[in-house]
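Welcome, and thanks for taking a look at this one with us. Please have the sequence and the model open side by side as you read.

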Amino acid sequence: MRLLYEGKSKRIYEAEGDLVFVEFKDDVTAFNGQKRAAPPGKGEITARISNLLFEYLKGKGIPTHYVRAGERGFYAKKVRILPVEVVVRNVATGSIVKRLGLEKGKKLSPPLVEYFYKNDDLGDPLVCEGHAIYFGWATEEELKRMKDLSLKATALLTDLFSRAGLRLIDIKYEFGYDSDRNLLLADEISPDTSRIWDDEGRSYDKDVFRKDLGDLVKAYGEVYRRLKGVLG
Ligand code: C5P
């Protein structure tokens, strides 16, 4: 397959028709690429989790770019990604705690929605709706649709994780247009792009790598095992 794009943690290949194949690499990066590693098996377990979560959301009626699972990745509709990332938070931790001086672990109910400008050179800064509309990154209608889909997906995933004995703390979504101008949930859904805690507050996500909390592949393996236990 022809390689179309290589990012920090994934490769995108051209596949049949208007499909692409999204392959997960073992590479993991944090702090905008300043910290790096490539633990063996990381790509495979991240792909398995992302496939499971996309299948689940698709089954619940969320429009996504996901088409079917493949080896270490998945086939997806080719999309043009909008440069606005949507973060939904159930619990305060990470950047919002530093930015606003909140207490780590504070419940955010109903969930809080934030927008970030997708730009590596700037370190994906927080932006408001006004910025996105003014600079043409997304229209008011697109932001509303993205927010709506993000909240729906988060409610579904929060419930799923809770049935697996885990807490979905926060999660990042990206959206894109396919060739028929459908706005689809895109990119990946995994512990690389979300925070997942157990009842004791232990992390099972990329914070394990960011903060050197233990074996990342083992933590992701536990997420997969628990989700499989619920979804079969
Ligand atoms: O760092 P922050 O607290 O803003 O991250 C919120 C959520 O978004 C976390 O789950 C983090 O892993 C995810 N995120 C991401 N990609 C980014 C920034 C944050 O997946 N560029």
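What follows is a short tour of a sheet, the helix beside it, and some aromatic and charged contacts.

## About the model

This is a predicted model, in which local features need pLDDT of at least 70 and side-chain atom pairs count only at pLDDT 80 or more, while totals for chains, interfaces and linings use all residues. Residues are numbered from 1 along each chain as its sequence is written, and side-chain values use heavy atoms, with hydrogens and water left out.

## The sheet and its helix

Let us start with the open sheet of 5 strands, whose order is E1-E2-E3-E7-E6 with antiparallel pairing. Strands (E, at least two residues) and helices (H or I, at least four) are DSSP runs numbered from the N terminus, and two strands pair if DSSP finds at least two bridges between them. Strand E1 (3-6) and strand E6 (66-70) each have a single partner strand, so one side of each lacks a neighbour in the sheet. On average, neighbouring strands here are turned by 25° against each other, direction ignored. For such angles, axes are lines fitted to C-alpha atoms, for helices over the stretch in contact, and the angles run from 0 to 180 degrees between N-to-C directions.

Strand E2 (residues 10-14) and strand E3 (residues 19-24) run antiparallel and are joined by 5 bridges. Within E3, Glu23 is the bridge partner of Arg11. Helix H1 (residues 42-59) packs on the sheet and touches E3, E6 and strand E7 (73-77), where contact means heavy atoms within 4.5 Å. The direction of H1 makes about 145° with that of E6.

## Aromatic pairs

Rings of Phe, Tyr and Trp (its six-membered ring) pair if their centres lie within 6.5 Å; planes under 30 degrees apart count as stacked, over 60 as edge-to-face and the rest as tilted. The count comes to 8 aromatic pairs. Phe54 and Tyr66 are stacked, because their ring centres are 5.7 Å apart and their planes at 15°. Phe54 lies in helix H1 and Tyr66 in strand E6, so this pair ties together parts that are 12 residues apart in sequence.

Tyr66 also forms a tilted pair with Phe74, at 5.5 Å centre to centre and 35° between the planes. Ring pairs link Phe24, Phe54, Tyr66 and Phe74 into a cluster. Are Phe54 and Tyr66 buried or exposed? Both are buried, meaning under 20% relative accessible area (1.4 Å probe, protein chains only). Tyr66 has 2% relative accessibility, and Phe74, also buried, has 0%.

## Charges over rings

A charge sits over a ring if NZ of Lys or CZ of Arg is within 6 Å of the ring centre and within 35 degrees of the ring normal. Lys35 lies over the face of Phe209, 4.9 Å from the ring centre. The charged end of Arg181 sits over the ring of Tyr177, at 4.0 Å from its centre.

Note on methods
Buried means under 20% relative accessible area, exposed over 50%, partly exposed in between (1.4 Å probe, protein chains only).
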